[in-house]
Amino acid sequence: MDDDALLKEQIAYYRAHASGYDRPYAEREDLRELLGAVGELPIAGDVLELACGTGQWTGALAARARSVTAVDVAEETLSIARARVASPNVGFVQADLFAWQPPRRYDTVFFAFWLSHVPPSRLPDFWSTVGAALAPHGTAVFIDDGPRAAAREEVLTDQPTPAVLRRVDDGSAYRVVKVFHDADELTGRLTALGWSADVRPVGDSFVVGVAEPPANAG
Ligand SMILES: C[S@@+](CC[C@H](N)C(=O)[O-])C[C@H]1O[C@@H](n2cnc3c(N)ncnc32)[C@H](O)[C@@H]1O
């Protein structure tokens, strides 16, 4: 299966799973703690949030930002996010991030649990889009699953692109891209692309990164 087909299946999964998406946030203490740690991250100014999902992070970003532009492809998750976050400084955009180009620059580009869904072959383009979306002195801030989170997933071993199998409540199964980034390795990859990056393991299974693009670093 090529990446285009896998990415379509990934979108189909999130559209079908929107109503169950928030369950882990209600059930998992570590996710609630992670959400509470947003205050320690360098979120400021006009913020672009990639793959905002049901808006779990959007309200916390809005509380620290001048504005938040939150983008997601799935109208199903966006409608939950719109109901959850009714702040006047938040705007939602429905778009496929593999086709969408930011119309302006932002002080912060934030993405939670999105980087792991970007196929490795698309990472250089992804980082260059994030870099181009940042204003001078802007910062990318990201949160994701690290390697230990693989224990909670049905990892597929027969795919050219790292992927897991996810099931929705009606029993249907979908393949989604899932790259469990190691903090040191990711720091090294970003450094090789010219970024100034600090990616750390957080809690039992998360990674949190703060990075400045080549033009901003140094
Ligand atoms: C793991 S969720 C993360 C949601 C939210 N950031 C969070 O941490 O709770 C991944 C999100 O990516 C969105 N998504 C999947 N493919 C996408 C694409 N091609 N463009 C934009 N969003 C996409 C899904 O709809 C889903 O909301």
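A word on the source. This is a predicted model, where local features need pLDDT of at least 70 and side-chain atom pairs count only at pLDDT 80 or more, while totals for chains, interfaces and linings use all residues. Residues are numbered from 1 along each chain as its sequence is written.

Now the whole chain. The protein chain has seven helices and 10 strands. These are DSSP runs, numbered from the N terminus: helices are H or I with at least four residues, strands are E with at least two. The radius of gyration is 16 Å, close to the 17 Å that the globule rule gives for 218 residues, so the chain is as compact as a globular protein of that length. That radius is taken over C-alpha atoms, and the rule is 2.2 Å times the number of residues to the power 0.38.

Next, burial. A residue is buried if 20 or more other C-beta atoms lie within 10 Å of its own, exposed if 12 or fewer, and partly exposed in between; C-beta atoms are placed from the backbone. Buried residues make up 39% of the 218.

Look at strand E2, residues 67–72. Five of its six residues are buried, so E2 is largely enclosed by the rest of the structure. What pairs with E2? Strands pair if DSSP finds at least two bridges between them. Strand E1, residues 46–50, runs parallel to E2, joined by five bridges. There, Leu50 stands opposite Val71. Strand E3, residues 90–94, is also parallel to E2, again with five bridges. Here Thr69 has Gly91 as its bridge partner.

E1, helix H4 (residues 58–64) and E2 make a right-handed β-α-β unit. So do E2, helix H5 (residues 75–84) and E3. Right-handed means that, with the strands pointing away from the viewer, the path from the first strand over the helix to the second runs clockwise.
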